[in-house]
Amino acid sequence: MFCNFLTKFFCILLALHVCHGLDKVEVTGEGCKLTEPIYNSTFDLSGLQSDLSHQVQLGRKDSIEFNLCGAMSKACDNSSGVGACLTAGGKEKILGREHTLKLSNGRFHFEFSGDKCSDTKNFTFSVILQCDFTSVKDMISVQKSTDKCSHSVVLRTKLACIPTESKVLDSCSASLNAFTTFNLYSLAGVNHVADDRNGGTFLINICRPVMWDLDAMCPPDTGVCFVNRSETDLTKRFVSMGAVEKPSVEEGVISVKMTGTEACPEDATRKISSVITFECEKSSRVDEVEFIGFRDCEYKFVWSTAAVCETLEPCTAVDPKTGFKYDLRPLSKKPFNVTHDNHTYAFGICASPRAPCLESSGACEIFAAETRGLGLVNDKLLVNQTGAPYLKYEGGGLCQSTKQPWYSVIEFVCAEQGMQQGPKVIENTDCRLIIQFVTDAICQTRQISCQTTNNSFDAVIDLAPLIRNTDNYVANVSAGVKGDDAKRKYFINVCRPLVPQYGLSCPGGSAICQATIENGKPESEKSLGYPDVSLTMVGARAQLKYLRGSPCPADKDTELSSVIDFYCDAKSGRGNPVLKSVTHDCLYEFEWATNVVCPAFKCEFSKKHCSIHNEQTDSDFDLSDLVKSNAKLDKLKFCELDKYEVMADYAQGSVKVFTSAKEKSDNSEKTVNIELRLNCNGDEKNSSSKDNTLGRLLVTYETPSICSMLGLDPPPASPSVTTPDEDKDKDKKDGDKKEAEGGVSAVGTVFIVLAILGSIGGIGFALKDPERRAKVLSLIRRKDTNVTYSRDFYEPHYSI
């Protein structure tokens, strides 16, 4: 475990080599401590030692148990003092007794070498460390083995982050006013990457330092780090463009200014700094940072994110302390019933439970012949002082004891181990109903991460655009799958449990459900696993593992599990999962071709035709009419400028054109950085322009015509607007309604009675003839006939 003399001597030489340039970092630690040679920071990983050891399942009955910075407390294969042990097929194999700590170009890894695996190989085991400031549910994830002799896992820990002398920020909040506070810690889980569009990249984090990792060896305390990809000397490759700072608010705009340690070349008395301005982007599928430009040694960025939008999606809320986003939309798809002391209640989550409740009620009490409204439905998820979410339905039926309306409160509780999930009545007195709902949906440490970084660490892979909240995917089945497995249906969600679906009775919380379809309905449902393991990279593919499913029919001691490999295909759009194979009748392997994991692609711009061409999707888009319709772009002669860069951002569903122009104003000339953003949308919307103090012009254009360039099908258009004729009809109906509300005259009443009698007589006449009778009955039985119950003629009635 310890470096010998030669190894130590090599480490010293390597550290001295910094003075003469360093083209790679390969350092061996001493025990569980290691000093990296760029900044001479010492990492102490001894905190990874565990009295109970670390354990990880390999998907079936096999598992690996290991310890770091010390031996395991239990024996392996009747041997003590073992560092890592493999249990496979009921037998134990020693993966290693001692380990060596290494640092390879920014990535820490412990290496074990064990007993004989074959005639030519010994067992090997690697523990790869990744910096992670958050408390994650699954700190250990398994890497796919290349052969039966080699195994590796990834362990995420704060100890792999470069040590810092600065205090950790106590808050990442920014308050717009006394009522609205935004917490940006939710953005701090990964290094965000911004392209400088000149061969380099910026690694950016918020309220936390940039996370130390492979080819991300940024200085301590760095919030914005420039990576010069063409620089071979690692001591010069990573430059701090600003130290970590808290966000602030000025004139209603959230921003953060980070000042670096490097002196400004134009003015040695100043330091290079970076300013990030946050802008609300409700439709943003993935949080994205864009480099705008620099002036006077200040680098400017814009971070488009829904995290700073005052209005969240319905049935969502953010914990102001942690920045965690609660999303209860999947629970809103079905009603819930709960009984207490012979009282039966129906309620919905951000939706009405409907019959027998009134459509406007969020909750009601059910009696034999009537119901009592316990509050009007709304979809505003609230957060209490502890950060826990709840719903409040007010304005119910009049309460006899207080002469005040009833109201209901639904409090959500994280389902800890052993807790029975579902609703329970806590109180139903004093004209209020309080229900506690135990659910996994709000457990902050139980929601796996749907983000990872690619192997070159220069891009974030985020599967958030694939997460579904209203329905589930149904996988295709490849021709290679045979037998009963080929005849079954596979319902899938990404990184989250399945959306509750009527008739689909898979165990709650499952992410994949296998079902046999009988008479058009799912039957014999089995869970193929739960979303317990965060997204990881395996080779060039992003991989999700769903484990702990239903018992495997072929081996009752094994649980069903599944693996989904996501790979880039620009023309596939969002894509759909395909079941490729079933291993040992217990492990289901899916593939998913999607452009969500594709890196942004550089397209071509034609000045001659003012058009864009995407070689990957073999599609073109003409900008001429758009430019003419936008006064600012037309004035700046957008189609005649010198230099353009066009990026197809598949994950965002957007094509972006970057350029700059000179604009004269008051006998002076200034540079305007222009971004034209073309978003795939079902509606054709006029371009909207935004000018700001960053010297930036942003023009956004929503159109279905750009979707094919991104490999996407156009989304459905919004419901059409009301035509003038429809407005007249509506006015007439409204007038009739008002007349009705004013009362029905005696003549009108006689007319209505005669009309009803005449209708009944006509129907009776028609039913005498068999052919006419068949037609009338077919009209009555039409399934698509809508029946609307109107209460316009009645005053509100409260049941006591």
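In which sense, parallel or antiparallel, do strand β27 and strand β28 pair, and over how many bridges? In this predicted model, β27, which spans residues 343-347, pairs with β28, residues 363-366, in the antiparallel sense. Four bridges join the two strands. Within this pairing, Tyr345 has Glu365 of β28 as its bridge partner.

Both strands belong to an open sheet of four strands, arranged in the order β26-β27-β28-β29. Pairing in the sheet is antiparallel. From one strand to the next, the twist averages 25 degrees.

Rolling a probe the size of a water molecule over the atoms shows where empty space is left. One cavity of 30 Å³ or more is present in the structure. The volume of the largest cavity is about 30 Å³. Its lining consists of Glu288, Glu290, Val302, Ser304, Arg677 and Arg696. Two elements, β22 (288-295) and β23 (298-305), each give two or more residues to this lining. By residue class, the lining of the largest cavity comprises four charged residues, one polar residue and one nonpolar residue.

Conventions
Residues numbered from 1 in each chain as written. Predicted model: local features only at pLDDT ≥ 70, side-chain atom pairs only at ≥ 80, totals over all residues. Heavy atoms only, no water. 1 Å grid on protein atoms, 1.4 Å probe; cavity = no way out; pocket = protein on both sides within 12 Å on 5 of 7 lines; lining within 4 Å. Points joined across faces, edges and corners; volume = space filled by probe spheres on them. Nonpolar A, V, L, I, M, F, W, Y, C, P; charged D, E, K, R; others polar. Pairing = 2+ DSSP bridges. Axes fitted to C-alpha atoms, helices over the stretch in contact; angles between N-to-C directions.
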